[in-house]
Amino acid sequence: MFTFGIPKGKHIFPGCRNLFEAAGVVLEREHPVALAATLRAESLSAEGMILQSRRMLILLARGRIHAGIVGDDMLRESGVDVETLGELSSTPLGLPAIRVVLFAAEDDPVQTLDDIPEYSFVLTEYERLTRDFFGKVGLDVQTIPVQGGVEAEVPRLRRFGVTIVDSGTTLKANRLKEICTIITSKPVFVVSKVATTTKEQRDEIQRFACLLQDAVRSQA
């Protein structure tokens, strides 16, 4: 048996649950909101831990859990060094690719990345990704990290923001517009590089990854 991290998010957790069902994996919990679970499939089983993605990445980096599912936006933002066994994106299962975008007020004169003034302040939920992105395009901006809800602060406090979007409904409802996409993120199956594992555990993790990837392909 190995320890597997399941992301605790209002969108990604139901998608993971659908993915497990499509893969023939049974997720057992003592209570519908319990954060401990058991995952069973064919001849393998895993101890499941339902965690916020940021916490899961910390535990993977420390070797406290063996593997998990996380959005690669969070993975890139964290800088944690893990092994990625494959993508698990599937719109029918509720695990679609999502985007991290730069945005502004819908009436802002800026229309493209080239229009953004040098040294602009950018509120961002993804400071590392934002810094790397603007560094690559050669535009000097000042990033201001926030924990969430950045849409409420643009343009009231700052002119530009970076957030994650699915359908874009939240931006439109707040009279905001996308300027450009910073990255497109997909759920990925990741494995700790430092967790102590036996050959049996490594084989089980690989088989589990194959089960989930096969389920994603079957929905394509």
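Residues are numbered from 1 along each chain as its sequence is written. In this predicted model, local features need pLDDT of at least 70 and side-chain atom pairs count only at pLDDT 80 or more, while totals for chains, interfaces and linings use all residues; side-chain values use heavy atoms, with hydrogens and water left out.

**View 1**
T124 belongs to strand β8, residues 121-124 (strands are DSSP runs of E, at least two residues, and helices are runs of H or I, at least four, numbered from the N terminus). T124 has a relative accessible area of 0% and is therefore buried (under 20%; exposed is over 50%, with a 1.4 Å probe and protein chains only). Its side chain reaches the backbone nitrogen of Y126 at 2.8 Å. The T124 side chain also makes a polar contact with the side chain of T130, at 2.7 Å (a pair of N or O atoms within 3.5 Å, one able to donate a hydrogen and the other to accept it; residues adjacent in sequence count only if both atoms are side-chain atoms). Apart from neighbours within four places in sequence, T124 is in contact with T130, T143, I144, P145, V146 and V162 (heavy atoms within 4.5 Å).

**View 2. The largest pocket.**
About 1100 Å³ of space lies in this pocket (an open set of points on a 1 Å grid where a 1.4 Å probe fits, with protein on both sides within 12 Å along at least five of seven lines; lining residues have an atom within 4 Å of a point). Of the 32 residues that line the largest pocket, H11, I12, I98, Y126 and I164 lie nearest its centre. Two or more lining residues come from each of α2 (53-62), α3 (72-78), β10 (160-165) and α5 (169-173). The most, three residues, come from α5.

**View 3. The second largest pocket.**
The space in the second largest pocket is about 180 Å³. Its lining consists of E83, L85, V191, S192, K193, A195, T197, R202, I205 and Q206. At least two lining residues are supplied by each of β6 (82-87), β12 (187-192) and α6 (199-218). The largest share, three residues, is that of α6.

**View 4. D81 and K193.**
D81 sits in the loop between α3 and β6. With a relative accessible area of 53%, D81 is exposed. A polar contact joins the side chains of D81 and K193 at 2.9 Å. K193 is also one of the residues lining the second largest pocket. The C-alpha atoms of D81 and V190 are 9.8 Å apart, although 109 residues separate the two along the chain.

Methods. Points joined across faces, edges and corners; volume = space filled by probe spheres on them.
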